[in-house]
Amino acid sequence: MFHPVQSAKITDFKDYKLVVPCVSVGNVAQLTTDLLISTEKMELVGHLYDQCFLPLVCNSAFSHTKEALSTSAEVYWSCERQMVVAQLRAPIAKGQEKRFVKLLLDWMKEACFSELVVLTSTYAHERLDHQITSGSSCRFITSPSSPHYRHFIQELGWKLLEERQSINSNELFLPGAGAAKTMYEQCLASGIAVVVLVKFTSQGDNGGDAEVLADYMNHWLMVKQPKAKWNPPSYWSLMFGNPTPPDIY
């Protein structure tokens with residue numbers, strides 16, 4: 001599934017963390033990933049290609065030269081952070097979610113990644129009362145046996161995503177979160193270390209939500225200094241076009 005570009009300086013990702021956003025509510029995870037790539041000036045090292053991705057070609061998110069293009073799934077690398085980011089810019093094709101997750105986890109095993117970090121968002125209007133009043137719009141999911149579990153709760157003060165009661169048992173409730181639940185469950189079944197970071201949100205101008213999720217992630221991974229600002233890609237200034245011409249009033 002992974003195809004390196006000719007100029008790639010590295011294709012050996014042993015012991016690197018892999019960060020993958022889900023196509024989810026408000027595209028918050030994808031916007032967060034672009035913040036990470038832009039701020040860290042990560043290098044494009046390859047693409048993910050398979051029938052499970054809807055085809056997409058567009059202007060590059062990080063360059064204004066006419067030769068630079070973006071595709072459905074791109075892979076970026078940061079040597080300093082020991083991190084690889086797989087940015088998904090198109091949805092998974094209908095009926096192909098399980099195939100995508102299997103191929104992703106097969107690539108993780110083959111490349112010897114140390115851990116999968118999944119970014120996603122879920123509908124804010126589906127929150128319970130105590131989730132609304134808890135003070136944080138973010139949650140994490142990981143196995144209780146994970147070495148991060150106690151650190152997240154005791155040192156970072158994070159809250160584990162609350163399960164919802166179903167007919168026979170409790171289960172993860174992630175409406176609008178894309179493939180996050182499938183990725184988490186398949187990682188547990190395969191013995192792959194995984195952490196899912198979740199942002200409650202609604203559709204709209206979600207740049208602010210992306211920064212909130214990026215800050216949440218940064219408390220753990222320390223991608224940048226806490227007081228330093230995120231450097232959004234230049235296309236963020238173009239998402240809503242020019243201001244309304246005053247002459248129309």
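User: Which residues of α6 are buried?
Analyst: In this predicted model, the buried residues of α6 are G207, D209, A210, L213, A214, Y216, M217, N218, W220 and L221.

User: How many residues does α6 have, and how far does the helix reach?
Analyst: Helix α6 covers residues 207–221, which makes 15 residues, and its first and last C-alpha atoms are 20 Å apart, close to the 21 Å expected at 1.5 Å a residue.

User: And what is α6 followed by?
Analyst: Next comes M222, whose phi is positive, near 50°.

User: Which aromatic cluster has Y216 and W220 in it?
Analyst: Y216 and W220, both buried in α6, belong to one aromatic cluster together with F140, Y149, F152 and W158.

User: How many aromatic pairs are there?
Analyst: The count comes to 14 aromatic pairs. For F13 and Y16, the ring centres are 6.2 Å apart and the planes stand at 65°, which is over the 60 degrees needed, so this pair is edge-to-face.

User: Are F13 and Y16 buried or exposed?
Analyst: Both F13 and Y16 are buried.

User: Changing topic, where does S72 lie?
Analyst: S72 sits in the loop between β5 (69–71) and β6 (73–78), and because its relative accessibility is 9%, under the 20% cut-off, S72 counts as buried.

User: What is S72 in contact with, leaving aside its neighbours within four places in sequence?
Analyst: With those set aside, S72 is in contact with F53, L54, P55, L56, Q87, L88, R89 and A90. As for L54, its backbone oxygen lies 2.5 Å from a polar atom of the S72 side chain.

Key. Residues numbered from 1 in each chain as written. Predicted model: local features only at pLDDT ≥ 70, side-chain atom pairs only at ≥ 80, totals over all residues. Heavy atoms only, no water. Helix = DSSP H or I, 4+ residues; strand = E, 2+ residues; numbered from the N terminus. Buried < 20%, exposed > 50% of the residue type's maximum accessible area, 1.4 Å probe, protein only. Polar contact = N/O pair within 3.5 Å; in protein donor to acceptor, adjacent residues only side chain to side chain. Contact = heavy atoms within 4.5 Å. Expected span 1.5 Å × (residues − 1). Phe/Tyr/Trp six-rings, centres within 6.5 Å; stacked < 30°, edge-to-face > 60°.
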